[in-house]
Amino acid sequence: MAKGTEIAEKPLDKMTVKELREIAHAITDLKGIHGMNKQDLLDAVKAHRGIKEEKPKKPTRSLRQIKQQIRELKALKSEAAAEKDRKKSGILRRQISRLKKKTRKVT
């Protein structure tokens, strides 16, 4: 190979099943490699290499916080309606609607 043209291994998640099977063949203690699907192969290779999957934590808000924000937005919406500001009132109405949907998902 030419100088500086080393091939870097791509992430396991981006590999094809064929590539994962080649890696799994190098691991001697795995059996039934050809019968595995991609997720099984990924799990087996990651377990052998000692890679733990960490799911990103989503910032969660409690039901009380969401409802408090809805009350604040409702007050702003009523002020906008009193000022006859239809654009601002519509924006606030949609925000309130989205937050109400989130409260149903939280519970």
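Where does Leu 42 lie? I found Leu 42 in helix H2; helices here are DSSP runs of H or I with at least four residues, strands are runs of E with at least two, and both are numbered from the N terminus.

**Ground rules**

I noted that this is a predicted model, in which local features need pLDDT of at least 70, side-chain atom pairs count only at pLDDT 80 or more, and totals for chains, interfaces and linings use all residues. Residues are numbered from 1 along each chain as its sequence is written, and side-chain values use heavy atoms, with hydrogens and water left out.

**Entry: the whole chain**

I counted four helices and zero strands in the protein chain. Read from the N terminus, the order is α-α-α-α. The radius of gyration of the protein chain is 26 Å, well over the 13 Å that the globule rule gives for 107 residues, so the chain is more spread out than a compact globule. For that value I took the C-alpha atoms, and the globule rule is 2.2 Å times the number of residues to the power 0.38. The C-alpha trace spans about 75 × 40 × 20 Å along its principal axes.

I then looked up burial, where buried means under 20% relative accessible area, exposed over 50%, and partly exposed in between (1.4 Å probe, protein chains only). Of the 107 residues in the protein chain, 21% are buried by this rule. The accessible surface of the chain is about 9200 Å², and carbon and sulfur atoms hold 52% of that. Those areas come from the Shrake-Rupley method with a 1.4 Å probe, and for residues only the protein chains shown count as cover.

Contacts (heavy atoms within 4.5 Å) came next. Among contacts in the protein chain with a separation of 6 or more, 42% join residues 24 or more positions apart.

Setting aside neighbours within four places in sequence, I see Leu 42 in contact with Leu 12, Asp 13 and Leu 20. I also looked up Val 17, 25 residues away from Leu 42 along the chain, and their C-alpha atoms are separated by 8.9 Å.

Ala 44 has its place in helix H2 too, and Ala 44 is buried, with a relative accessible area of 16%. The C-alpha atoms of Ala 44 and Glu 19, 25 residues apart along the chain, are separated by 14 Å.

**Entry: charges**

Side chains of opposite charge can pair when their charged atoms come close. How many salt bridges does the rule give? It gives two salt bridges, the rule being a side-chain nitrogen of Lys or Arg within 4 Å of a carboxyl oxygen of Asp or Glu.

- Glu 19 pairs with Lys 10 at 3.5 Å, N to O. Glu 19 is partly exposed at 29% relative accessibility, and Lys 10 is partly exposed at 35%.
- Asp 13 pairs with Lys 46, the closest N and O atoms being 3.0 Å apart. This pair links distant parts of the chain, with Asp 13 in the segment before helix H1 (17-26) and Lys 46 in helix H2 (residues 38-49), 33 residues apart. Asp 13 is partly exposed at 46% relative accessibility, whereas Lys 46 is buried, with a relative accessible area of 9%.

Is Ser 89 buried or exposed? Ser 89 counts as buried, at 14% relative accessibility. I placed Ser 89 in helix H4 (residues 86-106). Ser 89 touches Lys 77 and Ala 80, leaving out residues up to four places away in sequence.

My last stop was Lys 84, in the loop between helix H3 (63-82) and H4. Lys 84 has a positive phi of about 60° although it is not a glycine. Most residues other than glycine have a negative phi. Lys 84 is exposed, with a relative accessible area of 70%.
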